[in-house]
Amino acid sequence: MVDPDALRYLRIAQADLDEAQRMVKLSGFRNSSIGFRLQQACEKALKSWIHTKRGMAPFTHDLVALMDWLEESGSDVSAFEQIADLSFFAVQTRYDDSVEISSPDWPLLLGITASLLDQVQLELS
């Protein structure tokens with residue numbers, strides 16, 4: 001039986017990714033807003049993946065820590081290493097309006113995030 005928390009996390013991750021995709025498509029959104037939405041999608045996807053490994057998702061926004069947990073459980077997360085920089089958007093840009101952000105390669109990060117969600121969906125199967 002699939003862990004209901006894994007399913008819930010993945011549904012939320014998909015909604016966050018969908019929002020980030022719309023923001024990039026429509027333009028005019030702050031990089032911090034797009035980055036936060038993408039970071040949230042990755043965080044929830046990684047937590048879903050942890051639950052598929054019968055783990056308990058730790059209370060953290062640190063994507064590297066979540067990927068480390070998965071690596072220690074034997075999962076290959078190497079294809080998703082570039083999302084590590086999104087951890088910056090979890091806290092710093094939400095509480096410091098003086099942080100300057102150069103525009104990341106949103107299409108690349110959207111693609112990697114979508115691949116992450118696809119991988120987690122495979123893990124759920």
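E43 is in contact with T60, H61, L63 and L66, leaving aside its neighbours within four places in sequence. The model is predicted. In it, E43 sits in helix α2, residues 31-52. E43 is buried, because its relative accessible area is 2% and the limit for that class is under 20%.

**E43 and its polar partners**
- The side chain of E43 makes a polar contact with the side chain of K47, at 2.9 Å.
- A polar contact also joins the side chains of E43 and H61, at 3.0 Å.

**The nonpolar core**
- The largest nonpolar core has 32 residues.
- Those with the most contacts inside this core are L38, L46, W49, F80, I83, L86 and L116.
- The elements giving two or more residues to the core are α1 (4-26), α2, α3 (63-72) and α5 (106-124).
- I83 touches C42, L46, L63, M67, I112, T113 and L116, not counting residues up to four places away in sequence.

**How α2 packs on α5**
- Two packed helices are described by the angle between their axes and the distance between the axes.
- For α2 and α5, the angle is about 20° and the axes are 9 Å apart.
- α2 is therefore roughly parallel to α5, since angles under 35 degrees fall in that class.
- From α2, the contact is made by N31, I34, G35, L38, A41, C42, A45, L46, S48, W49 and T52.
- From α5, the contact is made by W106, L109, L110, T113, L116, L117, Q119, V120, E123 and L124.
- The crossing of α2 past α5 is left-handed.
- L38, L46 and W49 of α2 and L116 of α5 take part in this helix contact; these residues are also among those with the most contacts inside the core.

**L7 in α1**
- L7 is placed in helix α1.
- L7 counts as partly exposed, because its relative accessibility is 37%, between the limits of 20% and 50%.
- Not counting residues up to four places away in sequence, L7 touches V2 and L124.
- The C-alpha atoms of L7 and H51 are separated by 9.0 Å, with the two residues 44 apart along the chain.

How values were computed:
Residues numbered from 1 in each chain as written. Predicted model: local features only at pLDDT ≥ 70, side-chain atom pairs only at ≥ 80, totals over all residues. Heavy atoms only, no water. Helix = DSSP H or I, 4+ residues; strand = E, 2+ residues; numbered from the N terminus. Buried < 20%, exposed > 50% of the residue type's maximum accessible area, 1.4 Å probe, protein only. Polar contact = N/O pair within 3.5 Å; in protein donor to acceptor, adjacent residues only side chain to side chain. Contact = heavy atoms within 4.5 Å. Core = buried A, V, L, I, M, F, W, Y, C linked by side-chain atoms within 4.5 Å. Axes fitted to C-alpha atoms, helices over the stretch in contact; angles between N-to-C directions. Parallel < 35°, antiparallel > 145°, perpendicular 65-115°, else oblique. Left-handed = near helix turned anticlockwise from the far one by under 90°.
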